[in-house]
Amino acid sequence: MSLSDFFTPIDLTAIAPKNGYYTSHLGSKIDLYTDKFPDLEQPADIAIIGVQEDRNAINNPGCALAPDYVREKLYLLNEGAYTTRIVDLGNIRQGETVIDTYFAIKTVVAELIKKDIIPIIIGGGQDLTYAQYLGYETLEQKVDLVVVDSHLDLEDDEPSESIETTSTSFLSKIFLHEPNYLFNYSNLGYQTFFASQDSLRVMEKLYFDVHRLGNISGNIAVAEPTIRNANMVSFDISAIRSSDAAANANATPNGLYGEEACQICRYAGFNDKLTSIGFYEFNPAYDSNGQTAMLLSQMIWYFIDGVYNRKKDFPLHPKSQYLIYKTSLKHDDHELVFVKSKKSDRWWMQVPYPTGGSKNERFHLVPCRYEDYKTAVDGEMPDLWWRTYQKLT
């Protein structure tokens, strides 16, 4: 089966300006599936995928129409100071069942990652995050998942052997999936009044990282190490405040600012580990003058900008490009080791594997902040080190 079998072409006449695109516009730079499906054997770094599926988007029907509204704005943005190699594969239509749509996404994501092409998924409901995650099952690799969302989507699914889920319960499906390829889950931007205490206790018990909106709003840089650790990102547009992104039936007054959402996306693109990202729950029916579509297109632009400005300083080779810092704790003989990149000034912390934890490596590298190093210099154990060690155990 060819990947082209999953896609329908883009109707450029419906979204392109009357006079066409300028030569600097992304619309003239991207290899679009209009008549001929892009040749994926040719060099490409990024693939845009629309998914017209909203049957399980709770209280947000209509978000299946999102992809072309975003394209209309995205194609009008100018290319940055780099040469893009981007393909747009068109739209995955609703399958006969939701599971058929999931299968298409899973297959496409896995195949693109195998080709070292980063999929940008424009949904659709956020339940499609589960299908995005399933793509990694085929690759048999551990996944660090970051979800930008005002809610912790842990509602109970009805007991079922089916892989079908909803936009409010997909995390439960991921956590319980067998075989388990999830190493770490992080949430950015949850709002405490939308999160049950039971959900927060589950996160604490599993040593997952959840960052309340109040802890990151106005200081998005604190979230950079969390984003840098991700293999895949899922972004619910309702995490952005309704004044900046009204186009969602579940939009609320509080949330991230538009520029903070763009900064998160640039951090994600800048992450050498990240291999897929999905933007979900944008509903054109609620948009005002195309403002949310424009914001989402700018978020994608910043992600692309991040990808083309990657420093490629992970994994840590050659060693001459890094500085090693060692610190000792106050109350025991344990030594903490930190690594700083000369290229990007970013920090990592070495967390040793427990005995028998890994046959090939002695320690796990986790992204951290300079503040974690300062905590260790003061003789205290950084909380990030402890939580990571528990997960490795």
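Biologist: Which strand is Asn187 found in?

Modeller: Asn187 sits in strand E7, residues 182-190; strands are DSSP runs of at least two residues, numbered from the N terminus. This is a predicted model, where local features need pLDDT of at least 70, side-chain atom pairs count only at pLDDT 80 or more, and totals for chains, interfaces and linings use all residues. Residues are numbered from 1 along each chain as its sequence is written, and side-chain values use heavy atoms, leaving out hydrogens and water.

Biologist: Why is Asn187 called buried?

Modeller: Buried means under 20% relative accessible area, exposed over 50% and partly exposed in between, with a 1.4 Å probe and protein chains only. Asn187 has 0% relative accessibility, so Asn187 counts as buried.

Biologist: Which residues is Asn187 in contact with, leaving aside its neighbours within four places in sequence?

Modeller: Contact means heavy atoms within 4.5 Å. The residues that Asn187 touches in this way include Val147, Asp149, Asp209 and His211.

Biologist: What volume does the second largest pocket have?

Modeller: That pocket holds about 330 Å³ of space. Of the 21 residues lining the second largest pocket, those closest to its centre are His211, Pro225, Thr226, Leu384 and Arg387.

Biologist: Which element gives the most to the lining of the second largest pocket?

Modeller: H13 does, with 5 residues.

Biologist: How do the lining residues of the second largest pocket divide by class?

Modeller: There are 7 nonpolar, 7 polar and 7 charged residues. Asp, Glu, Lys and Arg count as charged; Ala, Val, Leu, Ile, Met, Phe, Trp, Tyr, Cys and Pro as nonpolar; and the others, Gly among them, as polar.

Notes: Helix = DSSP H or I, 4+ residues; strand = E, 2+ residues; numbered from the N terminus. 1 Å grid on protein atoms, 1.4 Å probe; cavity = no way out; pocket = protein on both sides within 12 Å on 5 of 7 lines; lining within 4 Å. Points joined across faces, edges and corners; volume = space filled by probe spheres on them.
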